[in-house]
Amino acid sequence: MNAPASPSPVPSPIKGEGQLALLSVLDASVVFTARKGLFAAARVRALDGVSLHLDKGESLSVVGESGSGKTTLARVVLGLQRPAQGQVAYEGKDIGRASEGQLKEFRRRAQGIFQDPFSSLDPYMTVGQIVEEPLVIHHVGSPAQRVDKVRQALEEVRLTPVSEIAPKFTHQLSGGQRQRVAIARALVLEPELIVADEPVSMVDASSRAEILYLMRELQERHGTAFLYITHDIATAYHFSQRIAVMYLGRIVETGPTRQVIGNPLHPYTQALLQAVPEPDPANRFRRRGMLAGEPPSPANPPAGCRFHPRCPYAFEGCDRDDPHLLEVTQGQEAACRLWKGLTAGARLTERAPGSAGEGDDRKPPS
Ligand code: SF4
């Protein structure tokens, strides 16, 4: 029988010293019903008690494999999906209870950039019309002022000369240029928050770094907060100040990016890092390790720690006890039983599966 999980504390949108976070996701869960054969249906918990916050001007990366719930989280944050439980608060106000007018204002202040620039942009509109459309929807400026704002936005994303690019249709552009149009469209309203969901995963390799640098530059120049959703922990390192690692609908590690990447506390974070290809003169790239197996189905997550079937450190009780996030070192939290009662300053050292039991020498070497 599973040990009952102790409830994890639900954070408040009010941070220390009464300061409000720009965005707070508070204990959010999303459940989908998926068809299973002709008659049966399965309940899939795509998000399970996720909490995070983002301050003004801050960048936070959410990292995980496909199926970890990252895109559902992006949709919840943008108000495109209502959580079954929990809430999303913008400057402390629950967007699930917002009036039509407040929701429209929220949509002006929080913009999304999506994975597929092919389907997210209207093929029958010119680039100029696509970038102008949010200004028209939100009644911003006169026609002449809007033309000026569109020109500025296209220049900011380096789609120049504007007079040549603005009249084009998106099928006349490369994948990288299309994603720049999507960024210009998100920027033109001068939002406080941009949620970028895998913005470079469908862009050719030569444009990826350019687009990431461009987003970072814009974030620094305008002080826009960014929620960057990615499967690629290496890009998160270059892009964000803080990181949250997701596995099967939950956050399993979070903290300052350099701290988490320099000393990952959760075995899943460690495995993601080991799978990042490194330059190798002999083979062009090599990986230090691969993540074993596929993620289990979110419709039927494993009992105990959800990572235990793939975890090289799993020990007695990991298949029963469900760990919650625990602050191990200042600002860095991990949901792993290895850290119960241990202090930080240690690194994980891989052990043979099943070679250690609870209460034995779990302490990793310092
Ligand atoms: Fe691995 Fe156990 Fe930690 Fe889960 S709780 S990540 S199975 S060591």
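Colleague: Does Thr 33 count as buried or exposed, and why?

Modeller: The model is predicted, so to speak of local features requires pLDDT of at least 70, side-chain atom pairs count only at pLDDT 80 or more, and totals for chains, interfaces and linings use all residues. Residues are numbered from 1 along each chain as its sequence is written, and side-chain values use heavy atoms, with hydrogens and water left out. Buried means under 20% relative accessible area, exposed over 50%, and partly exposed in between, with a 1.4 Å probe and protein chains only. Thr 33 counts as exposed because its relative accessibility is 59%.

Colleague: Where is Thr 33 placed, and with which residues is it in contact, leaving aside neighbours within four places in sequence?

Modeller: Strands (E, at least two residues) and helices (H or I, at least four) are DSSP runs, numbered from the N terminus. Thr 33 belongs to strand E1, residues 23-36. A contact means heavy atoms within 4.5 Å. Beyond four places in sequence, Thr 33 is in contact with Ala 41 and Ala 42. Its C-alpha also lies 6.0 Å from that of Val 44, eleven residues apart in sequence.

Colleague: Is Ser 61 buried or exposed, and why?

Modeller: Ser 61 counts as buried because its relative accessibility is 0%. Ser 61 is in strand E3, residues 59-63. Neighbours within four places aside, its contacts are Tyr 228, Ala 236, Ser 240, Arg 242, Ile 243 and Ala 244.

Colleague: Which backbone values of Glu 91 and Glu 198 deserve attention?

Modeller: Most residues other than glycine have a negative phi, and most peptide bonds are trans. Glu 91, not a glycine, has a positive phi of about 50°, and the phi of Glu 198 is likewise positive, near 45°. Glu 91 is in the loop between strand E4 (85-90) and strand E5 (93-94), and its relative accessible area of 23% makes it partly exposed. Glu 198 is in the loop between strand E7 (193-197) and helix H8 (205-222); at 9% relative accessibility, Glu 198 counts as buried.

Colleague: Which peptide bond is cis, and where is Pro 161 found?

Modeller: The bond from Thr 160 to Pro 161 is cis, with omega near -5°. Pro 161 is in the loop between helix H5 (143-156) and helix H6 (162-165).

Colleague: Where does the ligand sit, and which residues come nearest?

Modeller: On a 1 Å grid over the protein atoms alone, a cavity is a set of points where a 1.4 Å probe fits but cannot get out. A molecule sits in one if more than half of its atoms lie within 2 Å of its grid points. Here the ligand sits in the largest cavity. Of the 13 residues around the ligand, Cys 305, Cys 311, Cys 318, Cys 336 and Arg 337 come nearest.

Colleague: What is the mean pLDDT of the protein, and where is pLDDT under 50?

Modeller: pLDDT is the predictor's confidence in each residue, from 0 to 100. The mean for the protein is 85, and 83% of its residues reach 70 or more. Residues 1-10 have pLDDT below 50, and this stretch has 13 contacts in the model beyond near neighbours in sequence. Over residues 351-366 pLDDT stays under 50, and the model has 33 contacts for them beyond four places in sequence.

Colleague: How many helices and strands does the protein have?

Modeller: The protein has eleven helices and 14 strands. Of its 366 residues, 48% are buried.

Definitions and conventions:
A residue is near a molecule or strand if one of its heavy atoms lies within 4 Å of it. On a 1 Å grid over the protein atoms alone, a cavity is a set of points where a 1.4 Å probe fits but cannot get out, and a pocket is an open set with protein on both sides within 12 Å along at least five of seven lines; lining residues have an atom within 4 Å of a point.
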